[in-house]
Amino acid sequence: MKIPQPPATLLELVDWAEQRLATAPLAYGHGTDNPRDEAAWLVLAGAGFAPDDPAIDPDTAVDAAAVETIGGWVQRRIEERLPTAYLTGRAWFAGLPFRVNEHVLVPRSPLAEPIAERFAPWIGERPLERILEIGTGCGCIAAACAHAFPEARVDATDIDDGALALAATNLAELGLDDRVALHRADLFDGLPRRRYDLIVSNPPYVDRAAMAALPAEYRHEPGSALGAGEDGLDVIAPLLMAAGDWLVEDGLLVVETGRAGAALTARWPRLPLTWLEFDHGGEGVFVIEADALRGHDFSADGRSG
Ligand SMILES: C[S@@+](CC[C@H](N)C(=O)[O-])C[C@H]1O[C@@H](n2cnc3c(N)ncnc32)[C@H](O)[C@@H]1O
């Protein structure tokens, strides 16, 4: 099926792209879950529209250069199985725009929802001074926290220099670089010694079997952002054991674990984790208060290693 030629409309191009995508063996999960939404993302971005642009009209004519861009992206999405965000170079998280490239995970964490709610009822209206995000990637969670907690300063870390460089660009473009500081750090190693009201992380947590079965789209993402050893706990476990020493007395730790949550509760069955429920989809995120974390004897509970 040939691409509609200029002056094709946005709607004609979305219909065409949807048909092309729907007949290809693609995996979704990088911001959309169906070919129609993915087609709309590709076409609107190729035509130069942000997804929330009020000027979007299905009958808008698209010029020849944009039609060529859109055609090329749809072809690469199918042939190379590239996530759309890497083709367009953009993704949205918590209503904010971010540049993305293959140094960073495509933002999709369900943490956007509880961050926007200021982790009520744990935090809610209580003002926070300091927030730490571990494993910031493109900077999306740190930026969303800075937005939701305008009174707070945020430290954000990563072990990957490419990710930190992109996060710096994003934070500057969002005007948040005066309140969000980036650090190259392996978990807490590399951070200035201080205590935080809130530590939040979407760390790597994919176990070895799931890594081996990942669809092609996910293999374009950095392996170090996804893979976390045999049971997916290689980063989460040391993070949990150390976090108590970095939280203020009434601090809070929030960690996304995905499916590694089952391995986590099997390893430390008495750890008092509260699993969040989401209105807009998602699972596998726990909350634990600092005193519960500090009071927990990791070596006496289950398997500590
Ligand atoms: C799942 S990605 C999350 C990226 C971003 N926060 C998001 O939610 O889209 C995990 C990130 O943690 C970083 N990372 C992996 N191991 C780390 C470690 N030991 N210390 C700090 N960051 C780490 C990876 O480089 C990657 O950017």
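Why does A85 count as buried? Because A85 has 27 C-beta neighbours inside 10 Å. The cut-off for buried is 20 or more other C-beta atoms within 10 Å of a residue's own; 12 or fewer is exposed, in between is partly exposed, and C-beta atoms are placed from the backbone.

Before I go on, two notes. This is a predicted model: local features need pLDDT of at least 70, side-chain atom pairs count only at pLDDT 80 or more, and totals for chains, interfaces and linings use all residues. Residues are numbered from 1 along each chain as its sequence is written.

Back to A85. It sits in helix α4, residues 84–88. Helices here are DSSP runs of H or I, at least four residues; strands are runs of E, at least two; both are numbered from the N terminus. Leaving out residues up to four places away in sequence, A85 touches H30, G31, R90, A91, V100 and V106. Touching means C-beta atoms, placed from the backbone, within 7 Å. Take V100: 15 residues from A85 in sequence, and 6.7 Å from it in space, C-alpha to C-alpha.

Now the sheet. It is open, with seven strands in the order β5-β4-β3-β6-β7-β9-β8, and the pairing is mixed. Pairing requires at least two DSSP bridges between two strands. β8 runs antiparallel to β9, residues 285–289, over two bridges. There, W275 stands opposite F286.

Helix α7, residues 161–173, touches β4 (153–158) and β5, and its direction makes about 170 degrees with that of β5. Helix α10, residues 236–243, touches β3 (130–134), β6 (196–201) and β7 (247–256); with the direction of β7 it makes about 170 degrees. For these angles, axes are lines fitted to C-alpha atoms, for helices over the stretch in contact, and the range is 0 to 180 degrees between N-to-C directions.

Next, L293. It lies in helix α12, residues 290–294. L293 counts as buried because it has 23 C-beta neighbours inside 10 Å. Beyond four places in sequence, L293 touches A243, G244, L253 and I288. P272 is 21 residues away along the chain, with 8.2 Å between the C-alpha atoms.

Last, the ligand. How many residues surround the ligand? There are 24, and the closest are G135, G137, D160, N202 and A225. The criterion is a C-beta atom, placed from the backbone, within 6 Å of the molecule. α6 (140–148), β4 and α9 (223–226) each supply at least two residues of that shell.

Notes
Two residues are in contact if their C-beta atoms, placed from the backbone, lie within 7 Å.
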